[in-house]
Amino acid sequence: LASDLPGAPGGGGGGAGAAGRVGTTLRRAAYARTEGLLAQAPPSYLNAAAGPAPRTLVTARLELTRLRRIAEQVAVEPHDVVLAVAAGALRRVALAAGQAPADLRALVPVAVGAQALLGEEPCAVLELPVSEHDPARRLRTIHAAMTAARGPRRERLAASAGAAPAAATAAAA
């Protein structure tokens, strides 16, 4: 049961440290699953049945300075740029497989650092605009969705900061 996890309300572990955060994340993921946010994915070339067929993992390295520079130029977060790059890569995978690119639902992190420590929701469900052929429009769509997902959290943090020093408030945002 989720309540048996360290850090879960009424659970063991008192919520301190990494174990508490993991327990809280698992509890929230279970809740999201039961609420249909993570309902079974629609049929796709990406959702092949597990079995003996080989799976391939492909990685790529991107320079953080380059991602930040792009983000600054178009007034978005670096995380938005990473998601847009991933959506573009998934689009290319679909086309290479002879499939029409279709938007995909993804569970993405939105709370890190101070936000996660303050108990903010660690992730959100986002529609990745894989079907969008224009990279700039894809990035704007992702930025709008991520801004909506981050927005209430940042507003609550700013409101709860009250008389906190400006540097602490900025660090939490």
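**Exercises on a predicted model**

Residues are numbered from 1 along each chain as its sequence is written, and side-chain values use heavy atoms, without hydrogens and water.

**Exercise 1.** Find which elements of the protein have the lowest and the highest mean pLDDT.

*Solution.* Helices here are DSSP runs (H or I, at least four residues), and strands are runs of E, at least two, numbered from the N terminus. The lowest mean, 41, belongs to helix α6 (residues 166-172), and the highest, 95, to helix α2 (residues 64-74).

**Exercise 2.** Determine how strand β1 and strand β2 run and how many bridges join them.

*Solution.* Two strands pair if DSSP finds at least two bridges between them. Strand β1 (residues 104-109) and β2 run antiparallel and are joined by 6 bridges. Within this pairing, L104 stands opposite L128 in β2.

**Exercise 3.** Sort the residues of strand β2 (residues 123-128) by covered and uncovered face.

*Solution.* In a regular strand, side chains alternate between the two faces of the sheet. In β2, A124, L126 and L128 make up the covered face, whereas C123, V125 and E127 make up the uncovered one.

Methods:
Predicted model: local features only at pLDDT ≥ 70, side-chain atom pairs only at ≥ 80, totals over all residues. Buried < 20%, exposed > 50% of the residue type's maximum accessible area, 1.4 Å probe, protein only. pLDDT = per-residue confidence, 0-100.
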